[in-house]
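Here are some notes to read beside the model. Please keep the structure open while going through the points.

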Amino acid sequence: MRVAVVENMENTYLGTLGRALDDAGARVDWFRPWRDGALPSGIREHDALVVLGGKQSAVDDDHYPYLPLLAGLMRQFGDADKPVLGICLGAQLLARAYGGDNLLGGAREFAWTTLDVTPEGSADPLFAELGARFDSFHWHVDTFSLPDNAVRLVSGSVVPNQCFRIGRAAYGAQFHFEASTEVVEAWLVEYRHVAERVAPGWLDRYPEHADRHAAAADRAGDAIARAFVRRIRPVEDASAAD
């Protein structure tokens, strides 16, 4: 199993997804276009594509000229029935790739929150084990509208489009299910000044928030990560039944 992971800024960890990929024996190839512009040359060398979050918007092409190329690559993987996973910025790029609108600003979430699984989500392999609601971490100000051919799987009280699927296995998740407690705590050290600016006082209440949400969010994130990895079919198995 060969998986391409695109990083859009430093210190964006794979967290629960990394553990699931390791346990599946996957080979992970990292690409850091924010640093050197390099992306996978196409879809032939990898069985799946993961696009992580970042500080830029999904349409910040002037400062990050690789973004339209990355959106196009995500669509190529999805159209070829190879799994795609966009997280936060990655979800916004996947929406862009399939004709959704990127909605900039006005959708700030910074916290663990409780999300609702839609009826369509309950039938999807990524969320079938989670029940009607689950907790996950958020850190974003932008969001997106659903592309015409997307199925909404998860919704939230602040941002209605929390996760969608296109085709068999192209997923966009606005929330950071990969952000285990260890990842969240690393971010709060590395980006403490940013966290204090976007959510004044939240760090002082962190122990309370963690006690209430962290363990449940870790369990949900692990279940989602492992379910996504099970959607990946190595090249030699790609013609097998789903």
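1. What volume does the largest pocket have? The volume is about 620 Å³. A pocket here is an open set of points on a 1 Å grid over the protein atoms alone, where a 1.4 Å probe fits, with protein on both sides within 12 Å along at least five of seven lines. The volume is the space filled by probe spheres set on the points.

2. The model is predicted: local features need pLDDT of at least 70, side-chain atom pairs count only at pLDDT 80 or more, and totals for chains, interfaces and linings use all residues. Residues are numbered from 1 along each chain, and side-chain values use heavy atoms, without hydrogens and water.

3. The largest pocket is lined by 32 residues, and Met9, Gly54, Lys55, Gln56 and Trp139 are the closest to its centre. Lining residues have an atom within 4 Å of a point. Helix H7 gives the most to this lining, with three residues. Helices (at least four residues) and strands (at least two) are DSSP runs.

4. Nine strands form an open, mixed sheet in the order S2-S1-S3-S4-S11-S10-S9-S6-S7. Strands pair if DSSP finds at least two bridges between them. S2 and S7 are at the edges with a single partner strand each, so one side of each has no neighbour in the sheet.

5. S4 and S11 run parallel and are joined by four bridges. Valine 84 has alanine 170 in S11 as its bridge partner.
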